[in-house]
Structure formats: C-alpha cells, structure tokens
Amino acid sequence: MADEQASRTEIGKLGEFGLIKRIGHGLQLKHPSSVLGIGDDAAAIDIGDRYQLICTDMLTESIHFDLSYTPLQHLGYKAVAVNISDIAAMNGVPKQVTVSLGLSNRFSVEAVDVLYQGIQFACESFGVDLVGGDTTASRAGLILSVTAIGEVNKDRMSRRNGAKENDIVCVSGDIGAAYMGLQVLEREKVTYQENPEMQPQLDKYDYIVKRLLRPEARMDIVHELRDLDIIPTSMIDISDGLASEVFHLCEQSKVGMNIYEENLPIDEATYSAAAEFRIDPNTCALNGGEDYELLFTISQQDFEKVKNHRDIHFVGYVHEQSKGVNLITRGQQAVPMQAQGWGHFNSENDSSAPGKS
C-alpha cells in the first residue's frame, strides 16, 4: 500500500491536456478508415469522398454550469452549440447529434422537457438531426454528454497542425465576454444568497451574460470562408481562452506566433464590465474561456479576400518555432505569452469556473 501511495500522481498535476496526451500516448490507429484520432477538435473517419467528423463533449453540473443562474433551455442549446463549434473548427458541416443524460431525482419530467426545448432549438438553428443518446440516473446532479457528427470534403479539412511561417493569425467575433458574464452572474448569485428579496440587475449586462449562457458556434464563418475559397491552414475553437488555443496551434504546427495586444477583439460591453470589476480586459480575452469563437491561420495570399470582413480580426502572424509565442504590447514590447486558462482537474477550481466543455 505504501508503494502504491508513493507512486500516485494526482490528475490535477497533469491537467486536462496532459491527461489527454497520456491517454493517447502509444495508441495506434489500426483501421485505414481511421484518419485522425485523439488530439484535434474532432476525429476524422474516411467514408469515401469525404471525411466524417466525430466529437464528444460533456457538461457536468457544478463543474461546467450552475443551475442557480443557468436556465435549462439555454443549457440545452449550449450543450449542442459547443459540439457544433468543434465541427466548425475542422472546417466541417454538422449533420447529426446524440445526447446522453445523467439525471438525479430532483429533476422532473417537465424540467427535462425544457432542457430538450433548448436542444431541439439548437438542432434547428444549426441544421442537425437529433438521432439518439442515452439516459441514466445520477447521484451528483445533471450530466450532459453530446456527440456531434459532421462531414468535410477531404481537400478542405483544417487541423491544428497546418500553420506555416508568415501565415496570418485570425480570430472571429470578440473574446472575453463570456468570462465577464460569469463574473456578473456570480456576483448576483452572492447578492441573492445574502438577500433573497433582491432582484438581479442584469439589463446592462445582457450581451456578456448571453455570451456565457447561450454561445453560438461560428458556422457562419465556416460557410463564408468556403464561399471565398479560403481553407484555413490551421484552426481551433476558443473554449479555454485565446492564449491556450494559440499554444495548441503552435505546439502541433511546430511554429511560434506573435499576437498583438492592440488587435485583440474585445467588445465595449466587455471593456465596461472589466473596468467595473477592476479586471484587465486583455486578461479576459487571453485567458477567460468559453467564447467559442474560431482561431485560425490563413496564408498571405488569402488576406485580400477577407481584409474588409467585419467579423474576422487579424491578431498576429506565424514565425519560426525558435522565436517563441509572444504578446506584443501596445508599447511594442515582446512578452512571452502564458496560458492561464482554467484547468478541469485543479482542486482549487470552484463550480463556476469556465473551461472546455
């Protein structure tokens, strides 16, 4: 027993991504149809003229969401959207989803109906079919596990490992809003616990709260890039914060990047809330998480096609790996970037912390 305890490694020491690497270490794909396994936003299966894309994400109560301020309908929508986002990150198109539930006895049939209203609305919004799943009992609250299935033409799939030197680094939409939405909701939760007579004051925070509770998968960007005949050289969705995702692309593409602070796309509502909470808005953008925007690289020759796009922002460029991953400040100082995104298995994390779902 003493030897067993001496050799014990806490999962929190490895972290989510370290654990994934450990699980995938030594695994070999045996079937010719298994094109891509562990390590990207989705697995890829050869189905003839296309690749089938498969991804699974799990949402666990008290880890990924807090039902004291998360409406079940929004939760159902989000559970589907975050999986569709992984299909989008492969430059694919979603087709089907399955949904599995772990339910404790505190949930009524009517509550499940409301949850599935959100799921069905998401399916309609993203044009996917709900084709199955599973239900089981849970002693620890609500658990949702969603699998999304999509397709992509073989010559159009984007992975994390394709970024090349001199590529331009792009981000869709804006980032950091979901993190600030979380701060607002956590504050209102504490206020309510102290005085149940108090009504939540959320009107001026509508945008950032919505970004947390009901994010959108950026399939619109995928379709627009296709119409412009642009295939991102690498791509990932932003679930754990921009900095963390930048490191993923750099590690798998074996490159470095410069990201420019002045080009980070941060909404005015995020700036305003960050000032109110005395939080650096750049910290929200780089490390907040749960934005579900797309981080991708394009070749220089494709820049002219998107240079005037209102919702694609050019935040940096790719250089050789030896130059590292740097944040270029407004004062033009190169500061080595650090990824401080939330870790699922850290014991100090509370139930409200955001992270990849």
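Is lysine 254 buried or exposed? Lysine 254 is exposed, with a relative accessible area of 58%; buried means under 20% relative accessible area, exposed over 50%, and partly exposed in between, for a 1.4 Å probe and protein chains only. This is a predicted model, in which local features need pLDDT of at least 70 and side-chain atom pairs count only at pLDDT 80 or more, while totals for chains, interfaces and linings use all residues. Residues are numbered from 1 along each chain as its sequence is written, and side-chain values use heavy atoms, with hydrogens and water left out.

The sheet comes next. Helices (H or I, at least four residues) and strands (E, at least two) are DSSP runs, numbered from the N terminus. Two strands pair if DSSP finds at least two bridges between them. An open sheet of six strands has mixed pairing and the order S1-S2-S3-S6-S4-S5. Its edge strands, each pairing on one side only, are S1 and S5 (129-137). From one strand to the next, the twist averages 20 degrees.

Serine 34 has isoleucine 45 in S2 as its bridge partner. The hairpin of S1 and S2 has six residues between the strands, and glycine 39 in this hairpin takes a positive phi near 125 degrees. S2 is also antiparallel to strand S3 (residues 50-60), with four bridges joining the two. Here alanine 44 is partnered by leucine 53 in S3. The hairpin of S2 and S3 has three residues between the strands, and glycine 48 in the turn has a positive phi of about 115 degrees. Further along the order, 11 bridges join S3 to strand S6 (residues 143-153), again in an antiparallel arrangement. Glutamine 52 stands opposite glutamate 151 in S6.

Two helices lie across this sheet. Contact means heavy atoms within 4.5 Å. Axes are lines fitted to C-alpha atoms, for helices over the stretch in contact, and angles run from 0 to 180 degrees between N-to-C directions. H3 lies across S3, S4 (93-103) and S6, and runs at about 35 degrees to S6. H4 lies across S4, S5 and S6, and runs at about 170 degrees to S4.

The helices also pack on each other. Two packed helices are described by the angle between their axes and the distance between the axes. Helix H3 (residues 72-88) and helix H4 (residues 109-126) pack at an angle of about 40 degrees, with axes 7 Å apart. H3 is therefore oblique to H4: angles under 35 degrees count as roughly parallel, over 145 as roughly antiparallel, 65 to 115 as roughly perpendicular and the rest as oblique. Residues of H3 in the contact include Leu72, Tyr77, Val80 and Ile84, and those of H4 include Val114, Leu115, Phe121 and Phe126. By class, this contact has 13 nonpolar, five polar and no charged residues. Ala, Val, Leu, Ile, Met, Phe, Trp, Tyr, Cys and Pro count as nonpolar, Asp, Glu, Lys and Arg as charged, and the others, Gly among them, as polar.

Two loop residues remain. Lysine 254 lies between helix H8 (242-253) and strand S9 (255-260), and its phi is near 60 degrees, a positive value in a residue other than glycine. Glutamate 290 is in the loop between helix H10 (281-287) and strand S10 (294-298). The phi of glutamate 290 is near 65 degrees, also positive in a residue other than glycine. Glutamate 290 is buried, with a relative accessible area of 3%, whereas lysine 254 is exposed.
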